[in-house]
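Keep the 3D view open as you read.

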Amino acid sequence: MSQQRNSVRVGDVQVGGGRVVVQSMTNTDTADAKTTAQQIYDLHQAGSELVRITVNNEASAAAVPEIIDRLHAARCHVPVIGDFHYNGHRLLQDYPQCAEKLAKYRINPGNVGFGKKRDQQFESIIQVAKDLHKPVRIGGNWGSLDQKLMAKMMDENAKSPEPLSSGALIEKALIQSVLTSAQQAESFGLGADQIIVSCKVSSVQSLIRIYQELHRSCDYALHLGLTEAGMGNKGIVASTAALAVLLQQGIGDTIRVSLTPEPNQARTEEVKVAQQILQSLELQSFKPEVTACPGCGRTTSEFFQVLAQQVTAHMDAKMPAWRLSHPGVKDMNVAVMGCIVNGPGESKHADIGISLPGTGEAPSAPVFIRGQKTHTLKGDDIASQFIDILDEFVQTHY
């Protein structure tokens, strides 16, 4: 992380300064205060440090105070961000409690307004933010570029002796749009330490190029995210491919993984993926890691797979309590291995590990703690025995 990059305070969360903040967004109807508050709570419990909600009409703006009050009644004080498009200037002025309760505003320079009203409406939003000491994310998206700016740049590009490709022109326009708007916000009195910028696209290579240029061109805090990443493995892999490259280069202050939820899938999946990206890069720890072998012909039994799943589920269920009583446990590594080839070695490298018997091996499972063999488990209840040892290890070592 660049030491010169601005740090921004969003509620009680510090954005910038070396630690990447995980963000998420609700997909509820914001006007339904009860349901929206519940989803914000669930996202925060999953680890989202900032949660964004849509504020697109009068009903949603009117619901914001109740949403925040419900969260506070549940002892949840996660900063809530309002996402405004087209009518944000009016909603923030007409619903002062909404403007006050939100921790940050997000506006898209392409959707603030059109024609002569654009600058006026943009200034109106910035004035509210300035008066209430609220930070603002100026977030461009290649699906909603400033059409006036784009037309101007296309004309200039057509006259250039070395015109840019359409893709390169869009990238340049997106960067120029957010940086010009950020500088304009500063001219209206908003501090640079109250501005976060983002340029979201759905192409991995394009996102990498854009953020590398943003990192070189400004000192604003940067929000990373591959927009419309998609569903399932496609969305997870694409987001990981893009964000991992940038994070490894020290680029990014907040991140969001924009997954399209599978039917009946929890919205919290995007938070888990964002955390796993950061944890896999060894930038931050959020929960214990489970190392497990993929299985082969030596591990015809499914038992080690079931045990790995049970251990993971057990630790996930315990983490809300462990996070308070044993905070260091987030750095713990647990190994669940399936045979004698790599099992003992991997288990010794872990903080605590178990090496299960493979096909044809003796029906016993050695347990290793911090490199030393401490137990040999046998019988039909190896899983419960190991989980009991794991719980005791956490109690005594963290």
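Cys76 counts as buried because its relative accessibility is 2%, where buried means under 20% relative accessible area, exposed over 50% and partly exposed in between, with a 1.4 Å probe and protein chains only. Before going further, please note that this is a predicted model, in which local features need pLDDT of at least 70 and side-chain atom pairs count only at pLDDT 80 or more, while totals for chains, interfaces and linings use all residues. Residues are numbered from 1 along each chain as its sequence is written, and side-chain values use heavy atoms, with hydrogens and water left out.

To find Cys76, look in the loop between helix H2 (58-73) and strand S5 (80-84); helices (H or I, at least four residues) and strands (E, at least two) are DSSP runs, numbered from the N terminus. Leaving aside neighbours within four places in sequence, Cys76 is in contact with Tyr41, His44 and Leu71, contact meaning heavy atoms within 4.5 Å. Tyr41 is 35 residues from Cys76 in sequence, yet their C-alpha atoms are 6.7 Å apart.

His44, Gln45, Ala46, Gly47 and Arg323 are the closest to its centre among the 22 residues that line the pocket. A pocket here is an open set of points on a 1 Å grid over the protein atoms alone, where a 1.4 Å probe fits, with protein on both sides within 12 Å along at least five of seven lines; lining residues have an atom within 4 Å of a point.

Now turn to Phe188, in the loop between helix H7 (166-187) and strand S8 (195-200). Not counting residues up to four places away in sequence, Phe188 touches Phe122, Glu123, Ile126 and Lys130. Phe188 and Phe122 are 66 residues apart along the chain, with 9.7 Å between their C-alpha atoms.

Finally, step back to the whole chain. It has 13 helices and 17 strands, and its C-alpha trace spans about 80 × 55 × 40 Å along the principal axes. Of its 398 residues, 51% are buried. Among contacts with a separation of 6 or more, 67% join residues 24 or more positions apart.
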